[in-house]
Amino acid sequence: MDLGAITKYSALHAKPNGLILQYGTAGFRTKAEHLDHVMFRMGLLAVLRSKQTKSTIGVMVTASHNPEEDNGVKLVDPLGEMLAPSWEEHATCLANAEEQDMQRVLIDISEKEAVNLQQDAFVVIGRDTRPSSEKLSQSVIDGVTVLGGQFHDYGLLTTPQLHYMVYCRNTGGRYGKATIEGYYQKLSKAFVELTKQASCSGDEYRSLKVDCANGIGALKLREMEHYFSQGLSVQLFNDGSKGKLNHLCGADFVKSHQKPPQGMEIKSNERCCSFDGDADRIVYYYHDADGHFHLIDGDKIATLISSFLKELLVEIGESLNIGVVQTAYANGSSTRYLEEVMKVPVYCTKTGVKHLHHKAQEFDIGVYFEANGHGTALFSTAVEMKIKQSAEQLEDKKRKAAKMLENIIDLFNQAAGDAISDMLVIEAILALKGLTVQQWDALYTDLPNRQLKVQVADRRVISTTDAERQAVTPPGLQEAINDLVKKYKLSRAFVRPSGTEDVVRVYAEADSQVSWDSSIEKEPNIR
């Protein structure tokens, strides 16, 4: 480790005085002008992580659904997963170190993690379409090169595509080719094979309007479109040609405001979806004949996917361990439908996709989605092998179901939640089942719910347990919530401290909007 060179380069990426940042579920995020030093240092850290794991590590420059003036960075571990928790702590420590402490912190990390500094290192880098992203990517590259690491800059990618590249490179190509064409070909081939088996036809099932949040998803979906055009026609809106990234559009806007994005006209019962800025979230929606807006969020996406997977397993006679993973924000109706109607077990974890991902890995088939539309399905290696064998050995009808399941496995980006991958899976299932968007929506009716943010001086006064559904401190808070919930049918509520800002998040649902509104009026302190 050439400490002199690191000190020299670090001075060119100096840390602003007094700036303290925390590596969270989504890595670092803040105003773009404050991130140059962080990017340089994450390049350094990626090299150390690569040396320690003897694997390719990814660095993604993005702030996802945040406003255009923000940016961020996160590291991707060898199998396309989120960075290991112990290395999140190293990231925070390194990002916040003063210039004079940089050498010591790097040496400490190397010693704690037993990093062989003579080991080769390889880092892959991707970025979103923000004006600041190209320059910040170069800062990452500076960090990688000063520590002697090799790199490949993929340039503009969706976040899930970078996860895919890392996974491919570390599995010797078994998962797929680590190129953008490899990604397009793998997903499209599986999608086309699946939709060939659909009995329904016509534009009613094959046309989709896509709001791309003025982000990277528009560029990549347009590049990919001709690969699957025989199975699906997509119309792109908010494609970046005008309008700001995530401004009045995108999955987060649609989910939180419960209305369509600007820049998209929707006819009655047209099927529409929205990506977020880096294309790792997706939500669906439509207007009914009376003009009412209907949102189909991550809960309903998980329900559609897990139900279809279970049907295929029953068809081929396999009794695999399938589970759905949700968070406390999942609508109670979705949980009841899965458990009571579909007989699929449901598990709840803390908020943050990394928690869902880890839990989903415990099953033969794990389907996880946050209500915001971030999720995927994971299949164990043993299941993949078993399904491929079944597709070759079973009699005709069962072989067809096994082949569908094999295509579904190939269609998912198992390295991460992926809006493009999820969109193709959803479209294939709707076509195969002959479902309209209204019929999908009618699987169950969401309980009316509300989410609020309460500004507080110190969010740490509230602590929780039971996957954030029960408050432990301050004393008496949970009891007060329980007393309020008892007054209304099918009601549930919780409070939890935000993981990123000094606010407390409040969620409540009940059997009717009247119940919720009356509870607010009677209990103004809930605000």
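This is a predicted model: local features need pLDDT of at least 70, side-chain atom pairs count only at pLDDT 80 or more; totals for chains, interfaces and linings use all residues.

**Entry 1: a parallel pair.** I began with strand 11 (residues 322-327) and strand 12 (residues 346-349), which pair in the parallel sense over four bridges. Looking for a landmark in the pair, I found Val 325 standing opposite Tyr 347 of strand 12. Next I followed the chain from strand 11 to strand 12, and the path goes through helix 12 (residues 332-341). This β-α-β crossover is right-handed.

Entry 2

Strand 11 pairs with strand 13 in the parallel sense, over four bridges. Here Gly 323 has Gly 366 of strand 13 as its bridge partner.

**Entry 3: helix 14.** At 1.5 Å a residue, its 13 residues should span 18 Å, and the end C-alpha atoms are 19 Å apart, which agrees. Which residues of helix 14 are buried? I noted Val 383, Glu 384, Ile 387, Ser 390 and Ala 391. Viewed down the axis of helix 14, these buried residues fall within an arc of 130°, so they line one face of the helix. On the other side of helix 14 I found Ala 382, Glu 392 and Gln 393 exposed.

I also wanted to know what covers the buried residues of helix 14. The cover includes helix 11 (298-316) and helix 15 (396-411), along with strand 13 (365-369) and strand 14 (375-379).

Entry 4: I moved to another part of the chain, where five strands form an open sheet in the order 1-3-2-4-5 with mixed pairing. Its edges are strand 1 (28-31) and strand 5 (150-156); each has a single partner strand, so one side of each lacks a neighbour in the sheet. Direction ignored, neighbouring strands here are turned by 15° against each other on average.

Entry 5: Is strand 2 largely enclosed or left open? Six of its six residues are buried, so strand 2 is largely enclosed by the rest of the structure. I sorted its side chains by direction: Thr 56, Gly 58 and Met 60 point one way, while Ile 57, Val 59 and Val 61 point the other way.

Strand 2 (residues 56-61) pairs with strand 3 (residues 70-76) in the antiparallel sense over four bridges. In that pair, Gly 58 stands opposite Val 76, and Val 59 stands opposite Leu 75. With strand 4, strand 2 pairs in the parallel sense over six bridges. The partner of Met 60 in strand 4 is Gly 126.

Helix 5 (residues 133-146) lies across strand 2, strand 3, strand 4 (122-127) and strand 5. Helix 5 runs at about 175° to strand 4.

Entry 6: Where does the chain have a cis peptide bond? I found one from Thr 473 to Pro 474, with omega near 0°. Pro 474 is in the loop between strand 17 (470-473) and helix 18 (477-485).

Asp 466 is not a glycine, yet has a positive phi of about 50°. I located Asp 466 in the loop between strand 16 (463-465) and strand 17, and at 39% relative accessibility it counts as partly exposed. Leu 490 also has a positive phi of about 50° without being a glycine. I found Leu 490 in the loop between helix 18 and strand 18 (492-497), and with a relative accessible area of 48% it is partly exposed.

Key:
Residues are numbered from 1 along each chain as its sequence is written. Side-chain values use heavy atoms; hydrogens and water are left out. Two strands pair if DSSP finds at least two bridges between them. Axes are lines fitted to C-alpha atoms, for helices over the stretch in contact, and angles run from 0 to 180 degrees between N-to-C directions. Contact means heavy atoms within 4.5 Å. The expected span of a helix is 1.5 Å times one less than its number of residues. Buried means under 20% relative accessible area, exposed over 50%, partly exposed in between (1.4 Å probe, protein chains only). The arc is that of the directions from the helix axis to the C-beta atoms. A crossover is right-handed if, with the strands pointing away from the viewer, the path from the first strand over the helix to the second runs clockwise.
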